[in-house]
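Please look over the structure shown below.

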Amino acid sequence: MKGLLTQVRSYERSVQLLMVNQFTINLGFYMLMPYLAAHLSGTLGLAGWIVGLVLGVRNFSQQGMFLVGGTLADRLGYKPMIVAGCVLRTLGFATLGLVDSLPALLAASAATGLAGALFNPAVRAYLAADAGERRVEAFALFNVFYQAGILLGPLAGMVLTGVDFRITCLVSAGIFALLSVVQIRALPARRAEDAKRQEGGGGQGVLAQWRGIIANRPFLLFSLAMIGSYVLSFQVYLALPLEVRRLGGDGESGTAAVALLFAVSGLSTILGQTRVTAWCKARYEPGQALVRGLAVMGLAFVPLLLATAIPVPKAGIGLWLLAAVPPTLAALLLAVGTMIAYPFEMDTIVRLSGDRLVATHYGLYNTICGVGITIGNLGTGAALDAARAAGLPALPWITLSALGLACAAALYGLHRTGRLAAPPASEPLTATV
């Protein structure tokens with residue numbers, strides 16, 4: 001821990017603050033969101049389709065507005081979008097705890113999603129700009145703080161929700177309100193060079209810039225190839241818990257097994273991210289690290305595949321071990337693969353953007369991967385259902401492994417053909433096409 005703090009202190013104040021902010025953002029978000037569905041269906045007694053609608057509106061508003069949020073960050077500056085996102089989430093989370101009418105719930109859910117679309121691209125572009133040549137190491141540290149918030153948020157939310165979900169909402173809103181004040185007072189203003197050119201009259205219109213980014217074929221191919229990493233990493237929240245519940249049941253033993261895989265996923269990143277990044281950077285080019293990261297993520301489902309060949313015990317410690325160990329090993333390997341890939345992934349986006357309209361590139365990238373996650377989760381759910389109906393428990397794990405290895409192969413092709421290198425400085429990414 002001491003070494004981690006020393007690394008953080010070696011960066012500028014703005015970078016340090018962005019890392020702490022991201023931890024707090026995730027703490028406040030994951031304190032509330034895992035328990036929202038139970039509040040809507042239980043406390044408020046809403047129908048299942050309405051609960052799905054409220055949650056879906058949040059996801060749709062965030063994924064659908066990432067490009068707009070990134071564009072605004074490039075034009076207006078990173079700090080205003082970060083502050084606006086935190087203020088909007090303050091209002092959204094407070095509203096979720098205080099209202100019970102469907103229109104108000106939908107509005108609050110949309111606000112929380114829009115908030116993420118405003119500050120996520122801005123935070124990453126700001127971090128990339130101020131970290132300079134140490135971008136890869138900075139994003140590794142950023143992921144440590146990111147995962148720490150995900151790990152601690154649900155624990156804090158469980159305690160608060162045990163008293164009253166409304167308290168959870170108000171505490172979470174208070175965290176975002178405090179973040180807003182801290183960033184207004186302490187976060188230095190930072191504007192992209194693109195925004196400065198706009199003021200000088202040398203900039204292009206938004207649609208022309210978007211067309212230019214869409215014409216950046218290496219960036220689009222990279223974005224599509226990386227979809228698999230997000231689909232696979234999301235299985236810590238979807239396929240792995242479902243597999244634990246399928247074998248271990250919904251009782252205390254099943255709950256303990258699910259908690260174990262979440263803990264392993266988060267703690268391994270917190271403890272190992274910076275070491276893994278340093279090791280990979282010393283040995284591999286960014287493209288090589290990305291290929292290896294995706295390959296590890298694809299192989300993460302092999303323990304589950306092998307476990308399908310083991311006869312399922314009827315009860316006892318053997319059943320619990322079969323329910324807990326393979327998914328936990330899969331979660332660990334997914335975390336390792338993400339640790340390998342994530343810092344180089346974030347750095348590659350900046351390089352492929354040519355250091356221009358970085359937040360807009362992050363916004364479009366998030367949208368592409370968000371749509372991919374939705375489609376991938378539908379496919380995973382269909383594979384799980386088909387596996388149960390056909391008596392083929394190996395089917396989902398073969399499918400997910402194949403997806404990871406296919407994406408690794410795609411990244412290998414992009415790396416070998418030089419498409420993951422930075423474009424020439426004279427190449428106009430934002431030209432009208």
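Gly293 touches Gly337, Ile340 and Ala341, not counting residues up to four places away in sequence, where contact means heavy atoms within 4.5 Å. This is a predicted model, in which local features need pLDDT of at least 70 and side-chain atom pairs count only at pLDDT 80 or more, while totals for chains, interfaces and linings use all residues. Residues are numbered from 1 along each chain as its sequence is written, and side-chain values use heavy atoms, with hydrogens and water left out.

- Gly293 is found in helix α14, which covers residues 286–299; helices are DSSP runs of H or I with at least four residues, numbered from the N terminus.
- With a relative accessible area of 0%, Gly293 is buried, a word that stands for under 20% relative accessible area, whereas exposed means over 50% and partly exposed lies in between (1.4 Å probe, protein chains only).
- The C-alpha atoms of Gly293 and Ile227 are separated by 13 Å, and these two residues are 66 residues apart along the chain.
- Val15 is found in helix α2, and at 0% relative accessibility Val15 counts as buried.
- Leaving out residues up to four places away in sequence, Val15 touches Leu127, Asp130 and Ala131.

**Helices that pack against α18**

- Helix α14 and helix α18 pack at an angle of about 170°, with their axes 7 Å apart; the axes are lines fitted to C-alpha atoms, for helices over the stretch in contact, and angles run from 0 to 180 degrees between N-to-C directions.
- That makes α14 roughly antiparallel to α18, since angles over 145 degrees count as roughly antiparallel, under 35 as roughly parallel, 65 to 115 as roughly perpendicular and the rest as oblique.
- The contact of α14 with α18 includes Gly287, Leu290, Val291 and Leu294 of α14, and Gly404, Leu405, Ala408 and Leu411 of α18.
- The residues of the contact of α14 with α18 divide into 10 nonpolar, 6 polar and no charged; here Ala, Val, Leu, Ile, Met, Phe, Trp, Tyr, Cys and Pro count as nonpolar, Asp, Glu, Lys and Arg as charged, and the others, Gly among them, as polar.
- Helix α17 (residues 358–390) and helix α18 (residues 395–416) pack at an angle of about 150°, with their axes 8 Å apart, and α17 and α18 are therefore roughly antiparallel to each other.
- Thr380, Ala383, Leu384, Ala386 and Ala387 of α17 make this contact with Leu395, Pro396 and Leu400 of α18, and the residues divide into 7 nonpolar, 1 polar and no charged.

**Nonpolar cores**

- The largest nonpolar core has 89 residues, of which Phe222, Tyr362 and Leu411 touch the most other members; such a core is a set of buried Ala, Val, Leu, Ile, Met, Phe, Trp, Tyr and Cys residues joined through side-chain atoms within 4.5 Å.
- Helix α6 gives the most to this core, with 12 residues.
- Leaving aside neighbours within four places in sequence, Phe222 is in contact with residues including Leu290, Ile349, Tyr365 and Leu411.

- The buried residues of helix α3 (residues 36–43) are Leu36, His39 and Leu40.
- Seen down the axis of α3, these buried residues fall within an arc of 95°, so they line one face of the helix, the arc being that of the directions from the helix axis to the C-beta atoms.
- An α-helix has 3.6 residues a turn, so residues three or four places apart point the same way.
- On the other side of α3, Ala38 and Gly42 are exposed.
- Helix α12 (residues 239–248) is mostly covered, with 7 of its 10 residues buried, and what covers these buried residues includes α13, α15, α16, α17 and α18.
- Gly45, which follows α3, has a positive phi near 70°, and Gly249, which follows α12, has a positive phi near 80°.

**The loop between α16 and α17**

- Asp355, in the loop between α16 and α17, has a positive phi of about 60° although it is not a glycine.
- Leu357 lies in the loop between α16 and α17 and has a positive phi of about 50° although it is not a glycine.
- At 1% relative accessibility, Leu357 counts as buried.

Terms used
Helix = DSSP H or I, 4+ residues; strand = E, 2+ residues; numbered from the N terminus.
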